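Here's a quick briefing to read with the structure open beside you. Take it one topic at a time and find each residue as you go.

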Amino acid sequence: MRAGIVLGALALVAALVVLPRLSLGSDEARGMLLAELERAVGGPVSIDGPVSYSLLPITRISAERLRMDDGEALRVERVVADLDPVDAMFGRASISRLVLIRPEYHAEASEPAGPAGTDLSDTVVAPPADGPRAMAMQLLARLPSARMVDIRQGVFRAGDEAGGFSNANLVVNRSAGGDGLDAAGSFVWNGDTTTMRIKLGSKKALMTGGSSSVDFVMSSPTLVASFDGDASLDRNAGITGRVQLESPSLSRSIDWLADPSAPVPNVGALSVAGDLIFAGVDANLQNADVRIAGSNGRGALEASFAGDTATVGGTLAFERLDLTPLVRAVAPLPDDPFDLTRRIDVGFTQEIGLDLRLSAERAMLGAVTAEDVAAALLVADGKATIDVGDAILLGGRGQANIVVDSDQMPPQATGHLTLSDVDTAALFAALDITLVGVAGRSDISAEMTTPVTDWASISRNVQFDTRVRTQSGVLTGFDPDVFRRPGARALAEGTSGATVPFTRLETRLATFGPRIHLREFVLASGTGTVRAAGVLSALTHEMRIRGTFDSATPMTASNNGEFTTSKPVAFTMAGHWPNPDVTSR
């Protein structure tokens, strides 16, 4: 008991001796505070307002209206620094807690290569670095040495062209050993309130070329991201661990996070998860789970950020892939006549590079469903290519290729489609053709070219060259016998409810906008062969067709008893589909 009283008395005497020394050394505390701030911002800092000190019950220094001397980069309304009481007992000034109230910082467009000052505990010789690695090294080197840094209502701008955040309320804690970091808080970035937490196992290991554990979580209405793994800041800047990203809109996330002007199609919700390996400028995502526009895929992805344009490649396999929202994202269908002139933006072909191999057990595009689909999506040098190498659809097989070239003026799209042995009745149903029906197996090929500017230009200028060949089928809603009788009549009079088996049906159509040129039409049936050509309008349904009907009856008896060959019947069809006038002679 007596020993405790003696020790307490000695401590009181020491405090009475040391604390006045600290008070008299307030200029030292002021200088230490300025040094911490100058190291953090990379330049000289001055205090324009009053400075106050308190020794008891908390050893504290506070200053108001701080700024950088050489410009408008930093403004802080008030700084409060709690000094370590143990160090204070021995006449030393060290900050245990630093509070920055309403700091506003505007970084220069190009930052110095290294920190303005150095914390003795973090002395390193950092290798030269560029980009994000250099930024991370600078940030770690400039962190104040206080065990806790509390930022309240901060505003930060990253440069003349880069974004920034406001209303930042962040707390950075050092671990007991002073090496680990735990930062958590919230801020407003591009209009969204965002929460964040990052835990770093060892700051010193990162800055000396080693690795550290990293646990990162960020959440906002636009993007939720998390990472759990390890990182290094050596020349390869490696990151390995599990990463997950979720967003209700890919284009909105890129606008919000990186580049508001990026011409990214709005493909809807996106989520990505996988095992990330990121070294230098190359990233690899293994065991990837991707959900895009309601479709789930698994596989592996890789990305490179070496040049001005990021490139992404890899393979993804889907059980069910709905292509409809993806196609509509690139070329949104018009909702009303005013949308016909809405610009279709294909500028994304200049901004990104893609080399993706896709497979799907089942894929849908509108009303058409395909199985066992193998496809490739390529974007490079202003061109976007969708290549379907093989697919089972409509009871047959199909291949397709579409190329969009944004380097042309205006941008142009070309395409090719081949369907082999498909169910023609199923095709008519998918195209919603109900006025006539064809049952049988068909081979179809089509070539397409069109400008890609807006739907009005597409509807006026799209060109198709299509060939259809159907063997041994049944035609409904049309009877070639209507052409046999001479005279004029409505087409519906001779075709309503008709069902005609045929041996061969061949059609070649060439379209330019809504104008359809029927280059060739051949229908061979038991009653005869119809051959026709002409012009139709998909807009007005007006048609002008000329043709011949060659009856299957090869000979007729004449009055003199001799047999003569029947002459083909010439006919015309003019008027509006589905009931034009037919004239035979």
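Predicted model: local features only at pLDDT ≥ 70, side-chain atom pairs only at ≥ 80, totals over all residues.

- In soluble globular proteins, nonpolar side chains tend to be buried together.
- If you skip its neighbours within four places in sequence, Leu-33 is in contact with Ile-61, Ala-63, Val-79, Ala-81, Ile-95 and Leu-98.

- Side chains of opposite charge can pair when their charged atoms come close.
- Take Arg-97 and Asp-82: they form a salt bridge whose closest N and O atoms are 3.3 Å apart. Arg-97 sits in strand β5 (residues 95–106) and Asp-82 in strand β4 (residues 74–83), so this pair ties together parts that are 15 residues apart in sequence. Arg-97 is partly exposed at 23% relative accessibility, whereas Asp-82 is buried at 9%.
- That pair belongs to a network of salt bridges linking Arg-60, Asp-82, Arg-97, Asp-150 and Arg-152.
- Arg-252 and Asp-192 make a salt bridge too, with 3.6 Å between the closest N and O atoms. Here the partners are helix α6 (residues 250–257), which holds Arg-252, and strand β9 (residues 192–200), which holds Asp-192, so parts 60 residues apart in sequence get tied together. Arg-252 counts as partly exposed, with a relative accessible area of 35%, while Asp-192 is buried at 11%.
- Arg-242 and Asp-275 meet in a salt bridge as well, at 3.1 Å from N to O. Arg-242 is in strand β12 (residues 239–247) and Asp-275 is in strand β13 (residues 270–279), so the pair ties together parts that are 33 residues apart in sequence. Arg-242 is partly exposed at 36% relative accessibility, and Asp-275 is partly exposed at 28%.

- Leu-233 is found in the loop between β11 (224–232) and β12, and it's buried, with a relative accessible area of 13%.
- Leu-233 and Ala-136 are 97 residues apart along the chain, yet their C-alpha atoms are separated by 8.0 Å.

- Most residues other than glycine have a negative phi, and most peptide bonds are trans.
- Met-409 and Pro-410 are joined by a cis peptide bond, with omega at about -5°. You'll find Pro-410 in the loop between β20 (396–405) and β21 (412–423).
- The bond from Trp-577 to Pro-578 is also cis, with omega near 20°. Pro-578 is in the loop between β31 (569–576) and β32 (581–584).
- Ala-293 isn't a glycine, but its phi is positive, near 50°. Look for Ala-293 in the loop between β14 (282–292) and β15 (295–304), where it's buried at 17% relative accessible area.
- Leu-394 isn't a glycine either, and its phi is a positive value of about 50°. Leu-394 lies in the loop between β19 (383–393) and β20, and it counts as buried at 15% relative accessibility.

Notes. Residues numbered from 1 in each chain as written. Heavy atoms only, no water. Contact = heavy atoms within 4.5 Å. Salt bridge = Lys/Arg side-chain N within 4 Å of Asp/Glu carboxyl O. Helix = DSSP H or I, 4+ residues; strand = E, 2+ residues; numbered from the N terminus. Buried < 20%, exposed > 50% of the residue type's maximum accessible area, 1.4 Å probe, protein only.
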